[in-house]
Amino acid sequence: MTDEWMSERVRSAEASAGTAFDLSECVRERIHHLGGVQSHGTLLAVDPESGLVDTAADNTGTFLAADDLVGSHVTTVLADADWAEVLAVLEEGDPNAVTLPVLAGTAGHRAGFDLSVHRREGLVILEFEPRDESAVHQFAAFYQEIRRALRRLRSAETVIDCCRAAVGEVRRLTGYDRVVVYRFEGTDGPGEVVAEDVREGWEPWLGLWFPATDIPPQARRLYEENWIRVIRDVDDPTARLRPADRLATGAPLDLSGAALRTVSGFHLEYLRNIGVRSSMSVSLLREGRLWGLIACHGAEPRGLAPEVRSACELFGTAFSMQLAAIAERERADALERSSQDVAVIAGLLEEDVDASLLRHEAAIRKLVDADGVLLVRAGRVSSGGLRVPEDVVRALAPYAVRAMPDGLWATDRLPELLAEAGTAPACDSCPAGVLLLPIGHGGDYLAWVRQERPTPREWAADPAHPVLVGPQGERLTPRGSGAAYRSMIRGRSLPWSAREHAAARGMGGLLTELVLRHADELDQLNDELRMTNLDLDSFAHAAAHDLKEPLRGIANAATFTLEDAGESLDGTSVRRLETTRRLAARMDDLLNSMLHYARMGRAGLRREDVALDDVLDAVLEVAGARLEEEGVRLVRPGRLPRIHADPDRLFEVLLNLLVNAAKYAADRPDRMVEVGVEDATPPGEARVTPAVVVRDNGIGIPYDRQAEVFALFRRLHGPQERGGGTGVGLAVVKRIVERHGGRLWLTSTPGEGSAFYFTLGAEPPGAGG
């Protein structure tokens, strides 16, 4: 039995229960067009050109002291200056909602609100939530807790460790009764609870699987668009939108980007059935696609102020980045290990590839932990280990033609795919897993195969009865029974790991050249290993951009509060708000540094012959004043050589090293920093090579902490000590040197000083530009 039980089991359950309930209604439901908002706030949709209200929630009288606002000008309830600010913010073009503190309502009945603003379908969507001033004052402390939680996440070594740390931090910060990390199996598959922190007395969910229908496709798309979703109360009386259809288009208002968007009745029934009164979901994305969720459940109604939602959203974004960083590190480790394994195979293969594979098929199977290996070349089939039927051999040829861009095609559920394609094999011994490497463009391939591995799985619902008639009628009522239902997943193999993919790609190089014995190809594999951080750089660049907007909202909220409240705030509140602004500025500096660091990984090099003296003179125009201020004397030889480098990047290397030397100068009158070129031996090598050196007689670095100085955001002193900084400078130096194909290392003795050495590798053919 495979996960395909769903549709057949649903029909069976409907028949036995005597209900005509159609589970596909959940899939078809237009959850962004439900025509209402949660009633703890209200909503207006306004034409930005005319300022006239197109659509309004029917509870505006409760919050804004004005009914029947449709057709009225928005300044009936919003000050002219605030409306102008809304339009100005939207002109910046940010697709995400921006939150502003405002006074709103009719004359004599104005109150404080958090106003969330975004564009949708040509309208300005205004969401009003009553402002809790006490929550505003508490936010600085909450923001500090978020930062500390993110620091703790950085110590996690694996994805599961990271998820375990995250659920504990989120539950501690938000007070929900259950917090889980829910990871999806593929884009539209079921989900598994991989980490949980739950209140005593609540049913544990760790290890349970939930059917894919629990989160239908349209809900997953909204989770990709909006990082956070809060449901204050499952028994909330929805505030309906008036008119139900937009005046301009005659269609319901699209609430995809609205924080107050009301909730599907199916989902509310689902939450009631598991004893949940309130919830929050934070999206976890990988490469722009939904990887999983942080799901939070509460036994009582619970709302979160916009500032807190923004902070939780920031946590989710940073958590996603940490998951991506761990995955990238595992990928790099896998590539390194697989290159060693492939090198062993390279010594076994001979010019006659077919015969070599047959002689050494056990070693080639072991390369990716496969049960069989199959080579199809020019109509000839060579195989070893697990037998592959002839009809399966033929059925795999089309997959070789349309393999992925990385040159591989893989599946752990081959029988299911062949059945969908109408080419199901006639035998019962069909392999369940295939890792396929195309050879050329004619349909030839090398494939590793695995036999079926039946896998037990515990479900949070009985797969035989996914739909029952509940107390609210024909709704989903299968959860919260306290029972776990076990099934056996058939027709699947163990999934192929990143290391096995990397090993297969290495074999591709072997087969392309017949025998991978040449040093230049080994060097190419090493280059691939050094460049594995490129994808992470791109992700960090995009994510940092996304993080800056909520951070700006935090800073603006603090600034506007200080300006609007004036002297009415007590001294403690003013200090807290000023601390919030300062910390937001600090975070902005860190994000800018992250963006700069990411650009170093993607920017092309324009190498040329450059005089090191000229670059040093340009650096001193910028850093000379800093050296003089710190009383540091520069020592340089009479003449420095010319080197082949990108002059702008070399300028940045020397600038960071000189500024670093000035920061950590010793407290003595003969402070000195020396720039020169001398013969040196890189760590782990026996050869002596000319290297540029920047040496100082400063405070030095303990041996056990020398490796830390090149890590991103790592400083050996506090943020405000030794001239401050974000801890990015030396990480940037290391990245630039490595982009040149060079080496960077240091020697240091505490109390005597440090020497930073770097070399710049020769430019490869065709590089630069």
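**A strand pair, its sheet and the chain around it**

Let's start with two strands. β5 (residues 111-120) and β6 (residues 123-130) run antiparallel and are joined by eight bridges. Strands here are DSSP runs of E, at least two residues long; helices are runs of H or I, at least four residues; both are numbered from the N terminus. One partner to look at: S116 has its bridge partner, E127, in β6.

A quick word on the source. This is a predicted model, where local features need pLDDT of at least 70, side-chain atom pairs count only at pLDDT 80 or more, and totals for chains, interfaces and linings use all residues. Residues are numbered from 1 along each chain as its sequence is written, and side-chain values use heavy atoms, with hydrogens and water left out.

Now the sheet. β5 and β6 belong to an open sheet of seven strands, with antiparallel pairing, in the order β1-β11-β3-β2-β6-β5-β4. At the edges stand β1 (36-37) and β4 (98-104); each has a single partner strand, so one side of each lacks a neighbour in the sheet. Two strands pair if DSSP finds at least two bridges between them.

Next, E192. This residue sits in strand β8 (residues 191-198). Beyond its neighbours within four places in sequence, E192 contacts V181, Y182, R183, G207, L208 and W209. Contact means heavy atoms within 4.5 Å. V180 is twelve residues from E192 in sequence, and their C-alpha atoms are 9.9 Å apart.

Finally, the whole chain. There are 20 helices and 27 strands. Of the 769 residues, 51% are buried, meaning under 20% relative accessible area (1.4 Å probe, protein chains only). Among contacts between residues at least 6 apart in sequence, 69% join residues at least 24 apart.

Notes: Buried means under 20% relative accessible area, exposed over 50%, partly exposed in between (1.4 Å probe, protein chains only).
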